[in-house]
Amino acid sequence: AVAATDGRILAVYGGPDHRTQGYNESNATTVQAGSAFLPFVYAAGLEHGVVKERNGISTPVTPETVYDGNDGHIVTTPEGPYWDRSGKKVAAHNEGNKNYGQITLRTALASNVNTPFMQLGMDAGLDKVRATAEASGLLSSSIGPQVPGMSLGSATPSAIRMASAYATFDADGTHYEPYSVRRITRNGSRV
């Protein structure tokens, strides 16, 4: 846990026992963020709006904006479908391949529906999603390549960085770097 008011690290769970595990999981960058990354995509859309046509203007996004929540939705850019390096159209998938039909972003976020957020990331701009995540406190080195899957949490931030980034939401967009040492003393006096 990280304090939203100043970035103090309040609590950490690094694993069961350093003697058996040998490293602190709270600062490891080995696990994908997954759905925990969706709020950064949502925030980028809310802040910057979306562009759905080539040379089009940005239009606002609200919690009531509707997206396709069906499994297998083909991800698009203003130029058309997004193609991967193997020449296949990129499709977004939901857990259990479930279809939700047309769904508001509010409901999609609350229900953990992937397909609207993969498309929202493309519509807002993956560069803006990355910038929003970084401004919230995630390290650039943990975010990875700007491909559609980034919006579904392919980033590997540490638990401390995720807690710090979520604290930015709680602080109305003001980010404080996480820290664990408040002061250093020697024999009761500050050093």
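Biologist: How do the axes of α2 and α6 cross?

Modeller: In this predicted model, the axes of helix α2 (residues 38-48) and helix α6 (residues 159-170) cross at roughly 35° and come within 11 Å. Axes are lines fitted to C-alpha atoms over the stretch in contact, with angles from 0 to 180 degrees between N-to-C directions. Helices are DSSP runs of H or I, at least four residues, numbered from the N terminus.

Biologist: Which residues make the contact?

Modeller: Pro39, Phe40 and Ala43 of α2 meet Met162, Ala165, Tyr166 and Phe169 of α6, where contact means heavy atoms within 4.5 Å.

Biologist: OK, new topic. Which residues have the most contacts inside the largest nonpolar core?

Modeller: Those are Phe37, Phe40, Leu105, Phe117, Leu120 and Leu138, in a core of 31 residues. Such a core is a set of buried Ala, Val, Leu, Ile, Met, Phe, Trp, Tyr and Cys residues joined through side-chain atoms within 4.5 Å; buried means under 20% relative accessible area with a 1.4 Å probe, protein chains only.

Biologist: And what does Leu120 touch?

Modeller: Leaving out residues up to four places away in sequence, Leu120 touches Val41, Tyr42, Gly45, Val50, Val61, Tyr67, Leu105 and Gly125.

Biologist: How many residues of α4 are buried?

Modeller: 11 of the 11, so α4 is largely enclosed by the rest of the structure. Just after α4, Gly125 has a positive phi of about 110°.

Biologist: What are the ground rules for the model?

Modeller: Local features need pLDDT of at least 70 and side-chain atom pairs count only at pLDDT 80 or more, while totals for chains, interfaces and linings use all residues. Residues are numbered from 1 along each chain as its sequence is written, and side-chain values use heavy atoms, leaving out hydrogens and water.

Technical notes: Helices (H or I, at least four residues) and strands (E, at least two) are DSSP runs, numbered from the N terminus. Buried means under 20% relative accessible area, exposed over 50%, partly exposed in between (1.4 Å probe, protein chains only).
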